[in-house]
Amino acid sequence: MTALKVTFYSICMDIFLLILGFLLTLLGIVGSFLPILPGPITGWFGLLLLHLTKVVPLNYTFLGITLAIASLIWILDYFIPAAGAKRFGGTKYGAYGTTIGLLVGLLSPIPFGMLLGAFFGAFIGELLYDNKNTDRALKASIGAFIGFLTSVTIKFGIATVYLILFVVAFWKYKGEFF
């Protein structure tokens with residue numbers, strides 16, 4: 001009877017880790033678009049939970065490489081929009097404006113609020129820096145916007161790959177889960 005309880009507990013724990021891991025990989029995709037949530041790292045935690053089950057063998061090399069990629073993307077995410085703004089002549093005010101505009105756009109009920117918020121946030125930030133040079137502010141806001149889109153595209157791509165890796169690993173061992 002005790003062995004049966006341990007087996008039942010182990011199966012329930014594996015299914016719990018599987019479901020939670022899947023939800024984290026989905027949340028990783030959502031986090032690719034939200035500045036508050038680190039998308040690829042959240043997706044990586046989903047992969048980690050899958051590998052912590054008794055069904056899927058723990059692969060330290062795989063987890064180490066995917067963690068390194070997620071960490072690198074997380075670090076680059078702070079530099080890419082600012083680099084886009086600087087490339088087009090922007091300042092740190094434009095980079096800050098991009099982030100603030102992104103958050104305001106996220107909370108607004110308008111369609112594409114995040115994209116519009118990033119653009120107008122950068123524009124307003126640059127105007128706060130120098131309100132006489134609207135051409136430079138417009139150019140810098142376009143650069144910040146392009147940097148933001150680049151960053152989101154990279155994060156979305158990595159988070160999607162992590163979801164695919166999760167599904168492939170699950171599919172390989174699906175008979176042992178159920």
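Helices in this talk are DSSP runs of H or I with at least four residues, strands are runs of E with at least two, and both are numbered from the N terminus. The model is a predicted one, in which local features need pLDDT of at least 70, side-chain atom pairs count only at pLDDT 80 or more, and totals for chains, interfaces and linings use all residues. Residues are numbered from 1 along each chain as its sequence is written, and side-chain values use heavy atoms, with hydrogens and water left out.

I begin with helix α1, residues 2-31, where T25 lies. Is T25 buried or exposed? T25 counts as buried, at 0% relative accessibility; buried stands for under 20% relative accessible area, exposed for over 50%, and partly exposed for values in between, with a 1.4 Å probe and protein chains only. Setting aside neighbours within four places in sequence, T25 is in contact (heavy atoms within 4.5 Å) with G43, G46, L47, Y162, L163 and F166.

Next, helix α3. This helix holds 17 residues, 60-76, and should span 24 Å at 1.5 Å a residue; its end C-alpha atoms are 24 Å apart, in agreement. The expected span is 1.5 Å times one less than the number of residues. Within α3, the residues L63, T66, A70 and I73 are buried. Viewed down the axis of α3, the buried residues fall within an arc of 100°, so they line one face of the helix. The arc here is that of the directions from the helix axis to the C-beta atoms. Which elements do the buried residues of α3 pack against? They pack against α2 (39-51) and α7 (134-172). On the face turned away from the buried side, α3 carries the exposed residues Y60 and T61.

I turn to helix α5. Its 16 residues, 92-107, reach 23 Å from the first C-alpha to the last, close to the 22 Å expected at 1.5 Å a residue. The buried residues of α5 include G94, G97, T98, G101, L102 and G105. Down the axis of α5, the buried residues lie within an arc of 140°, so they too line one face. What covers the buried residues of α5 includes α6 (113-129) and α7. The opposite face, turned away from the buried side, carries the exposed residues Y96, I100, V104 and L107.

Apart from neighbours within four places in sequence, L106 is in contact with L34, P35, I36, G113 and M114. L106 and A118 are 12 residues apart in sequence and 9.6 Å apart in space, C-alpha to C-alpha.

In the loop between α5 and α6 we find I110, which is partly exposed at 46% relative accessibility.

Buried in α6 are G113, M114, G117, A118, F119, G121, A122, G125 and E126. These buried residues pack against α5 and α7. From the side of α7, S141 has its place in that helix, is buried with a relative accessible area of 0%, and touches F119, A122 and F123, not counting residues up to four places away in sequence.

Finally, the largest pocket. On a 1 Å grid over the protein atoms alone, a pocket is an open set of points with protein on both sides within 12 Å along at least five of seven lines, and lining residues have an atom within 4 Å of a point. The volume of the largest pocket is about 320 Å³, taken as the space filled by probe spheres set on the points, with grid points joined across faces, edges and corners. Of its 13 lining residues, the closest to the centre are D77, Y78, P81, T99 and L102. Which elements give two or more residues to the lining? They are α4 (80-87), α5 and α7.

How values were computed
On a 1 Å grid over the protein atoms alone, a cavity is a set of points where a 1.4 Å probe fits but cannot get out, and a pocket is an open set with protein on both sides within 12 Å along at least five of seven lines; lining residues have an atom within 4 Å of a point.
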